[in-house]
Structure formats: structure tokens, C-alpha cells
Amino acid sequence: MSAIRWRWPCATAAWLVALLAPLSSFAQSDARPAPEQSAPGPSAPAEAASASPRSQAIEVPVSEAVRQKALLHFEKGFALLNEGAWSPGLSELLLSRKLFPTRIATYNAAVALRKLQRYDEALDMFETYLRDFPVSAEEREEAMRQIAELRTLVGTIELVGAETGAVISIDGQDRGQYPPIRPVRVPAGNHMLRVFKEGYDPFVTRVDVAGGQTKNVPVTLRRLERYGSLRVIESSGKPVSVSVDGIVVGKAPWTGILSVGDHAVTLRGEGKLGTQPASASVKSQSLTTLSLLAEELDAVLHVEPVPIGASVWINSVNVGDGVWIGRLKQGTHRVEVRANGYLADAQSVTLRKGDRQKLRMSLDRDEDAEVWSKPPKLTLDATASFLIAPTFGGDLASGCGKACESSSGLGALGMIHGGYEFGSGFGVGLEAGGIFAVQSLERRTASVVPVGASAPSAGTANDALRLGGFLVGATAGYHFGERFPALFRIGAGALIGEVRDERAGTFELLRTPVAMEGEQVQTTFDAAPQVDFPWAAYIYLDPEVRVGLRLSERFELSAGMKLLLLFALRKPTWDGTKAISAGVDGIATYPAESVMGDFALMVAPGASLRYTF
């Protein structure tokens, strides 16, 4: 925003002329401003455009007394704007405009409204500025730039289907009757819309509007089934309007038909005249009379609840849902905010004469509230994992010494999980899958026992192991999160399978073979490859953690890590009766060795796709 502009070369001259001869410059209705000069002024927020308040005398020809009053409010408002007091400065400028709308008061009011982020009102005010007053080409260009920027920050609510004459309220502010004469424009964001007509249930909803968007809102007003009558009077006879549940319904005395229950009633008159919110209880088919005394209310309170639809209570009176702005007496007031699914919050606010306080009250979510409980659902997910096993264990691993080479077990694990998930996120289910893993050992210490020999024949053996089997079990877990859900789950069950062991080796001969002349004597023999398929039975536990991405309402993709812990019920063991050729030693057999241990640990990183029914 550019520096604040002055009509005169310096501020002192401007104020001197304003004080001594303020009325001479607008004695004619077509009076125009003199060329402006720039002077340093306060800085502005980066998001605001280059508009700044302008100091000019009021230009509309009016009576002396009214001009003096209008000028007083204008000067006070302009001075406040220069101090950065945008809210009280705006109030003075609007009062000056109410007395006599002038070009310069209109422009400065538009600037203040934009500073206060009341973008819809700022847009209306800039449009009024161009429509109602003659401006220079430079001023028009600047105002048009403001209008173009504000239109990107303002949306429009278009009501459809409401009853003719129904009163429209947005964020507690009266926006006229249906059908509206002008577009109902609001700043981009979330707003509380309320539509009321006597004899009908009020229509209340929240509306999200983007900048530049026109949001159609179908409105259905239903006739009251249970209702009573309310009569509101101002006990001293002052001319005031009656507001019920934040909607202006008429002038006092007023009688109307309302739904059964408690209603918040306020009276508003000229200036600060009015009443604090009072509660009126309407009974079925009965007339309730409420007598209130209007008085000067010296302070203004603006309550902004979060979430936006929370109900606001002022001194134990429910004044409605969403933003509330109203006048109160000076002194201490109790403000309470309540919303379904949130913990209520209450604060005491002390207002002094002339105060304008804004109170933002954010509620903490009540995690135990029923509203946050999600409905139970059935789930089905498929997981594919890469399997890593440091060792299969057993007697084979024990015989793998320094000269032995042992690879890590590698393979794959596939699982299908079906479950029932409660609204809290806890779930139970069943799982089934298959496992495949291979591992090799080379030059491990081994022996064979020749038939009829009293001692074994020592040597080394090579084993190629392949584990295959099926898993079935039950699971329990906790699933939470929306956009990026997480899952903690543990399963327990049984693994039934077999381990294929293809074995070959080299061993010492116990008997010395007869050698022909010139031949080298053989002292070892090579055992031909032999295969065995011992079966295995293990109890397993498979804790896992996963983090995912929700693709849609029903599909979720995740990645994670599973540990597979195996506890032997029956260790797979080599069949000690399988015979092999042992050269001159005849026939030999391998001892009955376990090819997997009592315990095995496997790590399974992988991906999963979940479907929710």
C-alpha cells in the first residue's frame, strides 16, 4: 500500500484549513478536490493493495450544523486511520457517511474495510465510490484495481427455493430478505447461513465459498408443527427493532409465531441504544410476553467460535450458532462456547466504556464423544513382502564354522487379511498366506556313517535349502488416520510346510583302496547329490506396522514392515536312513540332523492394498 495522501502540502496546513474554514470547499454540490501531493504515512500489510486514506473536506452541500457534525466524525475517523486504528476509525467514517455520504469518506471507509479483511463490504464500498461520486481518471484506475483484487477474495451465495420475505443472516449479520435485491457476497471461507420466516423452522447451514465462486444453496423452510407466540415490548416506549435468534423480525412492540423452546431476544435502537441478550421460553399454543428496557450499551463484543458452527452463550443466554457481534454493558460478562463433539469452554470478559473486543474461542475435540466414533466395517487387504532370514538355524547352521560360507535366507511372503474393524479403529480378523525362502551352506563340517563301520567318516557338505509352506492365523490391530492412515497389527497362528534339502559332500575313506602300480591312492570320496523333504510345523507371531495413503473412500495403499517369529512344534530333520555311495567303504548314511532350528526370525518389508466394504 502506498503512503497516505494529503490534499495539502503538509498535515498542519490541512488541519488548519479543516478547523478554520472547513465548509468553504463544499459550498457547491459539484465541488472537486484539488490535486493531491504525497507525504510519508504508516506502512500497510503486504496483502493490501496500494489504496490509502485521503484527507479531503466533505463535498456535499448540507446545512451548517449537519456539516459540522459530519466533519467532526470524518476528522476523528481519518486521524484514527492514520494511527492504524482501523476498526474505530471505520466506525467514525461510517457514521459520517450515514449523516452525509461523501466521496472521500466513502473511499477511506473502503480502505479500512479491506484492512479489516471485510472484503465483501470493501468491494461494495469501492463500487459505491465509483458509482455515486465523480472521480479523476487516476482515482478511477486505482479503485478499479482494488475492485479486481477484491473480487478474487470474495464469493457469492445464491439462495434457491426460500420463501418470499424470509430474512437472511450470514455470520450473525442481517443481509436483507429473500429474494435479495443485490448479490449476497461474502469473504472466501466458511460461513454460517441462517434463513428465517415467521411460522417456519429456521434454515441453518454452513457454507464454504471460494474466492470468485458463486455457491448455490437450496433452502427449504418447513412450517412449524409445534409453535407458540412471543410478544416483545420495550417498557419505556423507545423506538427499537426486535431481533430474535440473531434475526431482525420487526419493530417493538412485536408479536410473532416461533418454534417451541428458548429463543434469544435483543432490542436495538439508534446509536448505542439497545438491550443485552435475554432468553424467552416459548410454549406450545401459548403466548409468552417479554418486556425489556433499552439503555445505552457502551461496549461491543465480537465472539468468533472455532469450529464455526459452535453455539455461543452470553451470560447464560444462547445467542445462536457461529459468529456473534453485539453491544453489551460495561463490566464483566461470561462467554461460553459449546459444540457437539468438543469440550465446552467458558471465559470471563471485562468490558470498559467504549471497548470493542474480539474474542476467538477454539474448542478442543472430545475424543470420547460419540460423534467421532466411526461406524464398524469389514476390511480385506493383500500384502506382498520381500523376506529376509539371517539363518534357518538347526544342526546345519551349528556346523558352519570358519571355512563355511552361509548365505542369508531370501524369499517372499504373501498374506491375505480379512477383518472386522470397530469405529474406534481397533479390529480383529483372520489371515492366511504362503511363504518361500532359500538359503545355501557350503563347506560346512559334516560326516557320514558307513554301514558296518564303528566310526563316522568326516568331511564337508554343501546344502541348498528351500522352505515352502502355508500360514493361517488370527490377528488384532489398531488402524487410525485419514489422509495418511497407519496400522499396528499382530497375528498368531501356525506354519505348516517342508524344507527341501539338496545335499552333496566330500568325505574321508575309512578303508584304504588297493592301488595299481603308478596310481595315486584315493583317501576321500565324493557323495553324490541327495535330496530330502522333511516337513516342518511352527507356531508364528507376526507383528507389523504400516503407513499408507488413502486413495479413495474404499481403497488404501500402504508400505510397512513385518517380523515373522517362528517357534518349532516339529523341526524339519534329515532322514537318517537315506543311503549314499561311500566308495570302497560301501554304503553310508547322513546322521539325522535338523535343517531348521527351534527358533527362526525373518524380516518382511512390503506393500499392501486394503479394501473397505
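Student: How many bridges join strand S20 to S23, and do they run parallel or antiparallel?

Tutor: Happy to start there, with the note that this is a predicted model. Strand S20 covers residues 299–306, and S23 covers 324–328. The two run antiparallel, and the number of bridges joining them is five.

Student: Which residue in S23 is the bridge partner of His-302?

Tutor: S23 is joined to strand S20, residues 299–306, by bridges. For His-302, the bridge partner in S23 is Ile-325.

Student: What is the strand order of the open sheet of three strands, and which are its edge strands?

Tutor: The pairing in this open sheet is mixed, and the order is S23-S20-S26. An edge strand pairs on one side only.

Student: Let's go inside. How many cavities of 30 Å³ or more are there, and what space lies in the largest?

Tutor: A search of the whole structure turns up three cavities of 30 Å³ or more. The space in the largest cavity is about 140 Å³.

Student: Which residues lining the largest cavity are closest to its centre?

Tutor: The lining has 19 residues, divided into five nonpolar, 10 polar and four charged. Strands S27 (377–389), S29 (409–421), S30 (426–450), S31 (457–480) and S32 (486–508) each give two or more residues to it. Closest to the centre are Thr-379, Gly-427, Val-428, Arg-489 and Arg-610.

Student: How many residues lining the second largest cavity are charged?

Tutor: This cavity holds about 50 Å³ of space, and its lining consists of Asp-381, Leu-487, Arg-489, Arg-546, Glu-556, Ser-558, Ser-608 and Arg-610. S32, strand S36 (555–570) and strand S39 (599–612) each give two or more of the residues. One lining residue is nonpolar and two are polar, while the charged ones number five.

Student: And the second largest pocket: which element gives the most to its lining?

Tutor: The volume of this pocket is about 520 Å³. Its lining has 23 residues, with Trp-372, Ser-373, Lys-374, Gly-423 and Glu-482 nearest the centre. By type, the lining divides into seven nonpolar, seven polar and nine charged. The element that gives the most, with three residues, is S31.

Student: What kind of aromatic pair do Tyr-107 and Phe-126 form?

Tutor: It is one of 13 aromatic pairs in the structure. The ring centres are 6.0 Å apart, with 80° between the planes. Planes over 60 degrees apart count as edge-to-face, and that is the name for the Tyr-107 and Phe-126 pair: edge-to-face.

Student: Why does that pair tie together parts that are apart in sequence, and how many residues apart are they?

Tutor: Both Tyr-107 and Phe-126 are buried. Because Tyr-107 lies in helix H4 (residues 103–115) and Phe-126 in helix H5 (residues 119–132), the pair ties together parts whose separation in sequence is 19 residues.

Student: Are the rings of Tyr-478 and Phe-480 stacked or edge-to-face, and which cluster do they belong to?

Tutor: Their centres lie 5.3 Å apart with planes at 25°, so this pair is stacked. Tyr-478 is partly exposed at 30% relative accessible area, and Phe-480 is partly exposed at 34%. Ring pairs link them into a cluster made up of Phe-426, Tyr-478, Phe-480 and Phe-488.

Methods
Residues are numbered from 1 along each chain as its sequence is written. This is a predicted model: local features need pLDDT of at least 70, side-chain atom pairs count only at pLDDT 80 or more; totals for chains, interfaces and linings use all residues. Side-chain values use heavy atoms; hydrogens and water are left out. On a 1 Å grid over the protein atoms alone, a cavity is a set of points where a 1.4 Å probe fits but cannot get out, and a pocket is an open set with protein on both sides within 12 Å along at least five of seven lines; lining residues have an atom within 4 Å of a point. Grid points are joined across faces, edges and corners, and a volume is the space filled by probe spheres set on the points. Helices (H or I, at least four residues) and strands (E, at least two) are DSSP runs, numbered from the N terminus. Ala, Val, Leu, Ile, Met, Phe, Trp, Tyr, Cys and Pro count as nonpolar, Asp, Glu, Lys and Arg as charged, and the others, Gly among them, as polar. Two strands pair if DSSP finds at least two bridges between them. Rings of Phe, Tyr and Trp (its six-membered ring) pair if their centres lie within 6.5 Å; planes under 30 degrees apart count as stacked, over 60 as edge-to-face and the rest as tilted. Buried means under 20% relative accessible area, exposed over 50%, partly exposed in between (1.4 Å probe, protein chains only).
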